[in-house]
Amino acid sequence: MSETKDLLITNVRPVDEQRDGSETVAIRIRNGIISDIIQDGPGPGVSGTVSSESGEDVPVFDARGAYVSPGWMDMHVHLREPGYEHKETIRTGCDAAANGGFTAVACMPNTNPPIHTRDVVSYVLRQAQGLAVDIYPIGTVSKDRAGKSISEMADMKEGGAVAFSDDGDPVQDSRLMRTALEYAAMLDVPVINHEEDLPLSRPGHMHEGRVSTRLGPAGTPSIAEEVMIARDILLSELTGGHVHVAHISTRKGVDLVREAKRRGLKVTTEVCPHHFDLTDEEIERHQFHTNWKMHPPLRTADDVEAMIEGLQDGTIDAICTDHAPHSVDEKDVEFIYAPNGIIGLETAWSIICKQLIMDGKLTLQDAVRKLAVHPRTILRIPVPKLAAGEPANLTLFDTETEWVCTPDSIRSRSVNTPWLNEKLKGRAVAIYNNNQFVKTGTPR
Ligand SMILES: [Zn+2]
């Protein structure tokens, strides 16, 4: 870890609840704390170092008009450690997060062993010490992630778990979900459910619809997701527990959440960039390349439109990536045998730019709410502020930089992304967090 406790960031445009990116400022960081936000501060062209009042050299970063916001958080990430370190480790996952502009991630417990006891929660937190990215472990809902009996939720929360989920699998058993939500209500934490009714969805390999019928593989119908969302909304109403619908992907699913929110229920949701950018047609176009296989599957153009509407009207609270690294060997098999999931941390902002920002579907302020604010309010984590006296936890980003997502540019240990070798536009520029300044796009 290399520390940059003092830093002057010049020529940067703040985006937060108060500011929309139209003013240019300089931000002075001292000892990891924002000491000053200087209006009309040192303009472009200042670089190298400046002297502080005490005469020490302070490094200067000319942001060249990039935006700055409170540090982003991805609340749905698979870091694979412990157990699957050939796919990703806590350290490489953090490198990927920083390279994508995230200063925090919440990691899913489908590791080996699963994050199902306080010991494993502590292990993850120990591994994360000293990193530029904050790691928030999510504990399992069920013991051994087996879906049978409830885990030691209170003990894990005490140890630092911020939410509970059996993600990768749904909590299929309704009685177990009811119990989990009763505990969640007492502990004031969300239960994040992977919404899938297994008897309805299995053995689906892609979205059930026109394309799957034409191509052949068994499909996963939208109804498998929607039935489970409906159940969880009812159980949330019954128990008062907070249900967070993971990686929503269908129009009716969004409708159900919209209606639940209208009724004032404790229901929130998130969407992944691939579900508001890609459709099942891509599987045909890319001849069953497994980088287009994930769960929930890519659905239809109408569903993509519903995701964007849900983001616009506030039904969808957060944008997450469901970053799911798999090794080349694991993905290099026939489509129906390949594991589900793609990496997403490093391409998320470019896809948000392309689909939401460029044609004005979402403002920068809205995007920052869904990337920095809501993930933390959902998980009851304090939201960083761009203000003097606050710890510097921030993301610098632009909407202009053109780049190609090559294996060399990726910091994740895996490269399973549908945007591999694609030309993208808009990029995270750097993050500052935990006394560390990490520039993106620098050679590995
Ligand atoms: Zn999932």
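**Figure 1. Arg64 in the loop between β5 (57–62) and β6 (67–70)**. The close-up is taken from a predicted model. Phi of Arg64 is near 50 degrees, which is a positive value in a residue other than glycine. The relative accessible area of Arg64 is 71%, so the residue counts as exposed. Most residues other than glycine have a negative phi.

**Figure 2. Asp322 and Ser327 in the loop between β16 (318–319) and α11 (328–331)**. Asp322 has a phi near 55 degrees, a positive value in a residue other than glycine. With a relative accessible area of 9%, Asp322 is buried. Ser327 lies in the loop between β16 and α11 and is buried as well, its relative accessible area being 16%. From the C-alpha atom of Ser327 to that of Thr399 the separation is 30 Å, and the two residues are 72 residues apart along the chain.

**Figure 3. Zinc ion with its protein donors Asp167, His194 and His247**. The donor atoms are OD of Asp167, ND1 of His194 and NE2 of His247, and they lie 1.9 to 2.2 Å from the zinc ion. Along the chain the donors follow the spacing D-x26-H-x52-H. Asp167 is in the loop between β10 (163–164) and α4 (174–187), and His247 is in the loop between β14 (242–245) and α8 (251–262), so this pair ties together parts that are 80 residues apart in sequence. Asp167 and His247 are both buried.

**Figure 4. The largest pocket and the residues of its lining**. The space in the largest pocket is about 630 Å³. It is lined by 32 residues, of which Gly168, Asp169, His194, His295 and Asn340 are the closest to the pocket centre. By residue class, the lining of the largest pocket has eight nonpolar, 14 polar and 10 charged residues. His194, listed here among the residues closest to the pocket centre, is also a donor of the zinc ion through ND1.

**Figure 5. The largest nonpolar core**. This core holds 89 residues, and Ile135, Ile248, Phe276 and Trp349 have the most contacts inside it. Helix α12 (residues 348–357) gives the most to the core, with seven residues. At least three residues of the core come from each of domain 1 (7–68 + 387–410 + 419–439) and domain 2 (71–378). In soluble globular proteins, nonpolar side chains tend to be buried together.

**Figure 6. Two cis peptide bonds, Glu81 to Pro82 and Asn112 to Pro113**. The bond from Glu81 to Pro82 is cis, with omega near 5 degrees. Pro82 is in the loop between β7 (72–77) and α1 (90–99). For the cis bond from Asn112 to Pro113, omega is near 0 degrees. Pro113 belongs to the loop between β8 (102–107) and α2 (118–127). Most peptide bonds are trans.

**Figure 7. Leu198 in helix α5 (residues 198–201)**. The relative accessibility of Leu198 is 15%, and because buried means under 20%, Leu198 counts as buried. Leu198 and Trp403 are 205 residues apart in sequence, and the distance between them is 40 Å, C-alpha to C-alpha.

How values were computed:
Residues numbered from 1 in each chain as written. Predicted model: local features only at pLDDT ≥ 70, side-chain atom pairs only at ≥ 80, totals over all residues. Heavy atoms only, no water. 1 Å grid on protein atoms, 1.4 Å probe; cavity = no way out; pocket = protein on both sides within 12 Å on 5 of 7 lines; lining within 4 Å. Points joined across faces, edges and corners; volume = space filled by probe spheres on them. Nonpolar A, V, L, I, M, F, W, Y, C, P; charged D, E, K, R; others polar. Donors = N, O, S within 2.8 Å, 3.2 Å for Na, K, Ca; no water. Helix = DSSP H or I, 4+ residues; strand = E, 2+ residues; numbered from the N terminus. Buried < 20%, exposed > 50% of the residue type's maximum accessible area, 1.4 Å probe, protein only. Core = buried A, V, L, I, M, F, W, Y, C linked by side-chain atoms within 4.5 Å. Domains from an automatic or database assignment.
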